[in-house]
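Have a look at the structure first.

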Amino acid sequence: MNNNPELITPPLIQVKSLSKQYQMGNDIVHALRAVSFAVTSGQFIALMGPSGSGKSTLMHQLGCLDTPTNGRYLLNGRDVGQLSRRARATVRNQNLGFVFQSFNLLPRLSTLENVMLPLLYSKGTPSKNSASEKEMAQAALEHVGLAERVQHKPTELSGGQRQRVAIARALVTDPALILADEPTGNLDSHTGNEILALLTTLNQNGRTIILVTHDAQVAKRAGTILHMQDGEIVRQSHGEASS
Ligand code: ADP
Ligand code: MG
């Protein structure tokens, strides 16, 4: 008898023959062509490929922002590919943290309020003065080295600081998976390296991360690199991270 939990626990992600087609006038665009792979908890994965290879389409599928044309997506063993829009929003809020190239912070809210937002959504009833949510947001900001900037507005922060706020917002719900689409795309290389170092530290502390990039220098910071081309994963290679 084997009691190794790895043999019983399903992978965090199982993608099975996932396809996505878009109708463009009379043409069908095959953005994903029967993609299959698995991710175990604690891995740091880079999805790398040239522009148009399907990276963002796959990221939208993994993020439950869209549904596939064919195939299956299991998250923690649960088939989440064909859920309703509302059910997908719940899956996102409870399991996923997002980091985007353009930061996607709300300009009128303070740093602290931006980071609190996912907690307010998950409660369903936004109230600005919940002490525990403030404390959780404060802790997430400390985690990314921005404890001193809680009252600043996004416009009062540098690009690197804005991306740190976005990472704190992704972390605050303690998600099983962080999805980052070109997180260094709007940053100079020095600042981009600091953000990649932060993601590496989060991964070393046990976070599962999927990073999307067209840049081989960025991808090599991950542990496993999945190379995409024309809607397919054509190759897998190792990066610098241990997982
Ligand atoms: P990447 O992120 O690697 O640049 P995308 O996933 O954005 O690639 O796009 C993959 C392919 O799907 C491209 O040919 C793109 O033009 C097409 N595509 C992406 N989104 C849509 C859409 N909403 N409607 C039609 N075609 C799309
Ligand atoms: Mg893209």
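## Overall fold

How many helices and strands does the secondary structure of the chain come to? There are eight helices and 10 strands, counted as DSSP runs numbered from the N terminus (helices are H or I with at least four residues, strands are E with at least two). The radius of gyration is 18 Å, close to the 18 Å that the globule rule gives for 243 residues, so the chain is as compact as a globular protein of that length. That radius is taken over C-alpha atoms, and the rule is 2.2 Å times the number of residues to the power 0.38.

This is a predicted model: local features need pLDDT of at least 70, side-chain atom pairs count only at pLDDT 80 or more, and totals for chains, interfaces and linings use all residues. Residues are numbered from 1 along each chain as its sequence is written, chains are lettered from A and ligands numbered from 1 in the order in which they are written, and side-chain values use heavy atoms, with hydrogens and water left out.

## Inside and contacts

Buried residues make up 49% of the 243 in the chain (buried means under 20% relative accessible area, with a 1.4 Å probe and protein chains only). Of the contacts with a separation of 6 or more, 67% come from residues 24 or more positions apart; a contact is heavy atoms within 4.5 Å.

## The hairpin

Strand 9 (residues 224–229) and strand 10 (residues 232–238) run antiparallel, joined by six bridges; strands pair if DSSP finds at least two bridges between them. Ile 225 sits opposite Ser 237 in strand 10. Two residues lie between the strands of this hairpin, where Asp 230 takes a positive phi near 50°.

Terms used: Buried < 20%, exposed > 50% of the residue type's maximum accessible area, 1.4 Å probe, protein only.
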